[in-house]
Amino acid sequence: MQELEKQVTIEEIINRMKKNNRKSDSKLILKAYNFAKGNHGEQMRKSGEPYIIHPLQVANTLAELGLDDSTICAALLHDVVEDTEATYQDVVNEFSVEIAEMVDGVTKLSKLNYESVEEAQVENYRKMFLAMGKDIRVILIKLSDRLHNMKTLKYLSRDRQIANAKETMDLYAPLANRLGMYSLKWQLEDLGFKYLYPEEYRELVEGIDRKREERLEFIDRIEEQIKRELKNQKIEAEITGRAKHLYSIYRKMKRDNSSLDQIYDLFALRIIVNSVKDCYAALGVVHELYNPMPGRFKDYIAVPKPNMYQSLHTTLIGEKGTPFEVQIRTWDMHRIAEFGIAAHWAYKEASFSRGKKANVQVTEDKLAWLRETLEWQKDMQDPQEFLNTLKTELFEDEVYVFTPRGDIKVLPRGSTPIDYAYSIHAEIGHHMTGCKINSKMMPIITKLNNGDIVEIITSENSKGPSRDWLKFIKSSAAKNKIMSWFKKNQREENIEKGKELIEKEIKRIGMEHGELFKPEFIVGALNRYKFNTIEDMYAGVGFGAISAGKIIARILEEYRKVHKEENVEEKLEELSKQKTMQYKPSNNGIIVKGIDNCLVKLSKCCNPVPGDNIVGYITRGRGVSIHRSDCKNLKDLFLDEESRMIDVFWADNDKAAYSVDIEIYANDRNGLLSDIIKVVGDSKTKLIAVSSRANKERIAITELTVEVENLDSLNQVLKALRKIDSVYEVKRRK
């Protein structure tokens, strides 16, 4: 893959804009370029290039997508507010509110204090997506910005390469997919793959190159046969061979546990015709020539994807039983398949510029998923909850079900009839009492499959939705409508429940309500999470907008400002000891509140050690399992049955030993492993096991298992390991 794009000039961008739209405002675009160049001045990128090269490349990508003048200007200016002395108001004064708001949408928040880097990052995502909800062009700029940054990633340190590539794969590539922008999605995925798994990337490239000629000959023969038969049938078509993208091949190999030699459909044929009628006629031709593979035909023309993608997909059996894929679409479908939402925007702008009424527009339902997510998150003050829900929405596959009248409903995979009911109307969901799936009465939490016909049974006497439904539903739309119902109809109950949860959290940390809940301490939590009154805060906790733990953590911040930090920690520790003295610890140093001589097991999924915040889960017949409070499995256990959670504490037991797994990432060098082992030995920590390997990128990955007495001793080891030369990441395995 080519590392760097050909450097473009502002003149080339202006010429491209003129070609797309004769009325493009060249003076405005040139003004934006000069403003950006003047403000960035002598700034340089890590590559050593003048900084202005970056906004030029971002603007060029958007010009190729056919975006309007304002978007190109915003792309040229997208870093001036964040990285120069220029302000939002300067952009408004020099250009327009429209352009300034797009620039603001991609500008990171930098002047607010957050509890952690993670929380600040999540708030940046929230800001960006709120701006995207108002103007889709914000995210088009951000995706183009990320694409150029990924193309120049080789100039960053290895740890920054990994962080940026992971964020791209987790957020930006799925977002491009959700918007139907496959031309960007594939590039982002392949670049992310290259930096996250460099060894696998190189092996795949080399493996494909070895048999490239053989596969191309195979596709050329098939292409010639199909072209000849389409011509006989008088179907005008363009046929192209397309190599599958590297990351999609890698993902298929991982999914099927197969080698590259076992993946035959590395190349696909794309047939582009003039009409929908010709699409189905061409499908008939290829099915006459080759046997279709059962279960591998998909009609995205009759049932388009929510991101607007339309095409016919079929997998056929060629010579010697070798399968290959064919995609059939019209030219309009092809444009939308490549550029997604941007194609609709560009078409609308071009049509209006010619004085015509656009017959293809960005209709409201194309971004319904985003609006529903933002609506659902409007009352969710917990930033991490926003990110979790957003990722769920981005990664979800769809399931297609039918109404009794034969209309199609598209829902996230794993959806239930509850999701379906709320997708029709909120009142249908609120009054739902049962359902039929394929004419058979079924539980309302049944997972729906493609092709199911769903009928909802309602009753006027229904008391409304159940909180338990939130454990099973998948769509943001359903969550939003259910939570809105509880917020509106059960405010008093929510306030009472919120008070109970907060009181429980205060007791858990061993403090008194009156000691913490003073106006000067509470105001910090109200401001941080945007509550107007303390009742609003209680209600928010009660209906699930934010956890009691988050509220208490914020109040403790204010408490610590008044009381000396060390005194607070000493007090909390002393209270914890007083609380635990009344119970007899288990043989592994755990006290279970209210129970003596209880069977206690430390969970293997998170390996808690003394000092970790922990919770207990009452298992069926195996005593109490102990998890770290940040254990990834805890959420599922909590949803399973909250009442089986029990308070647990560490006893004051310095003699116990706990095993912990540690991962170390470093640039490989001679003597690295011996330095690691020496540091562990010097810290007087027992080393149980060690394994180390280095890949072709000369990245050394070392895995240790050590025995520690508590969290403090573990943190000392981690701190010492991070100081070793060439080590760039040390983490405890969860």
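Which handedness does the crossing of α10 and α11 have? The crossing of α10 and α11 is left-handed, meaning that the near helix is turned anticlockwise from the far one by less than a right angle. This is a predicted model, in which local features need pLDDT of at least 70 and side-chain atom pairs count only at pLDDT 80 or more, while totals for chains, interfaces and linings use all residues. Residues are numbered from 1 along each chain as its sequence is written, and side-chain values use heavy atoms, without hydrogens and water.

**Helix pair α10 and α11**
- Helix α10 covers residues 158–178 and helix α11 residues 182–196; helices are DSSP runs (H or I, at least four residues), numbered from the N terminus.
- Their axes, lines fitted to C-alpha atoms over the stretch in contact, lie 8 Å apart at an angle of about 155 degrees.
- α10 and α11 are therefore roughly antiparallel (angles over 145 degrees).
- Residues in contact (heavy atoms within 4.5 Å) include I162, M169 and Y172 of α10 and L184, L188 and F193 of α11.

**Nonpolar cores**
- The largest nonpolar core has 55 residues, of which L62, I72, L76, L77 and L143 touch the most other members.
- Such a core is a set of buried Ala, Val, Leu, Ile, Met, Phe, Trp, Tyr and Cys residues joined through side-chain atoms within 4.5 Å.
- Helix α9 (residues 137–151) gives the most to this core, with seven residues.
- Another core, apart from this one, has 31 residues, including I614 and V706.

**Helix α4**
- All nine residues of α4 (residues 69–77) are buried (under 20% relative accessible area, 1.4 Å probe, protein chains only).
- Among them are D69, I72 and L77.
- Beyond its neighbours within four places in sequence, I72 is in contact with I13, M17, I29, A59, L62, A63 and L67.

Terms used
Buried < 20%, exposed > 50% of the residue type's maximum accessible area, 1.4 Å probe, protein only. Helix = DSSP H or I, 4+ residues; strand = E, 2+ residues; numbered from the N terminus. Axes fitted to C-alpha atoms, helices over the stretch in contact; angles between N-to-C directions. Parallel < 35°, antiparallel > 145°, perpendicular 65-115°, else oblique.
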